[in-house]
Amino acid sequence: MTSRDRNALWEMEATIMEHSLRSLDDPRWKFLRGVFISNSIRDAITTRTGRHVYAGPPTPKQSADLWYSVEAGLDRMAKAYVLAVQDEQHIENIGTLQSGLTENCGSFLYEGIITFGVAQKALNTYLKYLWCDCLIPAPPHCPFDSRILGLLKLPQNCEWRWTRGSIEDYRQWVDAAKKIANTRPLCEWELGEWEKAAPTS
């Protein structure tokens, strides 16, 4: 099966799922969406090391405001991925998410912004979940975190810490990943790398 055939199949399945689950407000989709959203936000903003997300210890309201802003942004963005999205549109979508979060929550964020690196982690992770559950066709990219960036051969001036990455750094991450993935879609390549690193029982 070619990549074009595979994407056509994903698009058909995504349309079926859109009508059979989401339009009926199915509780199965509500449950899965909650898990997907929670994990994506947690992975993006609950950073153990690297650049801080908040300017200082957040209040419960500030934590909730950022959480709901990311959730709303991911919900809006995901609708565009029922059909295949190309690289540049995807990068633009990450930038839109970044700008919206910075505008809504900048008053209590570190240096007043959410970085492009954090925004890509949230969106790419959420799309990975939707794709793995056959709700969308293959997304154009994959989540870039320390594990994936550690596999890449990056230019000397490129930021390798995902929490600090800019849009320019992100483009270089994508280019470097494509060189390793060769003809495989980045989402498939990253999933293979995840499987290699996953502990075995």
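The crossing of helices H3 and H4 is right-handed, a handedness assigned when the near helix is turned clockwise from the far one by less than a right angle, anticlockwise being left-handed. The structure is a predicted model, in which local features require pLDDT of at least 70 and side-chain atom pairs count only at pLDDT 80 or more, whereas totals for chains, interfaces and linings use all residues. Residues are numbered from 1 along each chain as its sequence is written, and side-chain values use heavy atoms, with hydrogens and water left out.

The axes of H3 (residues 60-78) and H4 come within 10 Å and cross at roughly 150 degrees; axes are lines fitted to C-alpha atoms, for helices over the stretch in contact, and angles run from 0 to 180 degrees between N-to-C directions. H3 is therefore roughly antiparallel to H4, as angles over 145 degrees are classed, with those under 35 roughly parallel, 65 to 115 roughly perpendicular and the rest oblique. On the H3 side, the contact (heavy atoms within 4.5 Å) is made by Asp 65, Leu 66, Ser 69, Val 70, Gly 73, Leu 74 and Met 77. H4 contributes Asn 93, Thr 96, Leu 97, Leu 101, Asn 104 and Cys 105. The residues of this contact divide into 7 nonpolar, 5 polar and 1 charged, where Ala, Val, Leu, Ile, Met, Phe, Trp, Tyr, Cys and Pro count as nonpolar, Asp, Glu, Lys and Arg as charged, and the others, Gly among them, as polar.

Phe 116, Gln 120 and Asn 124 in H5 meet Ile 167, Tyr 170 and Trp 173 in H7. By class, this contact has 4 nonpolar, 2 polar and no charged residues.

Overall, the chain has 8 helices and 0 strands, assigned as DSSP runs (helices H or I, at least four residues; strands E, at least two) and numbered from the N terminus. Buried residues make up 45% of the 201 residues in the chain; buried denotes under 20% relative accessible area, exposed over 50% and partly exposed the range in between, with a 1.4 Å probe and protein chains only. Among contacts between residues at least 6 apart in sequence, 70% join residues at least 24 apart.

Several individual residues were also examined. Thr 163 is found in the loop between helix H6 (146-149) and helix H7 (167-181) and counts as buried because its relative accessibility is 4%. The side chain of Thr 163 reaches the backbone nitrogen of Arg 51 at 3.0 Å.

Most residues other than glycine have a negative phi. Glu 111, although not a glycine, has a positive phi of about 55 degrees. This residue lies in the loop between helix H4 (87-105) and helix H5 (116-132) and is exposed, with a relative accessible area of 60%. Phi is likewise positive for Asn 182, near 65 degrees. Asn 182 occupies the loop between H7 and helix H8 (186-197) and is exposed at a relative accessible area of 63%.

Within helix H7 is Lys 179, which counts as exposed at 72% relative accessibility.

Key: Polar contact = N/O pair within 3.5 Å; in protein donor to acceptor, adjacent residues only side chain to side chain.
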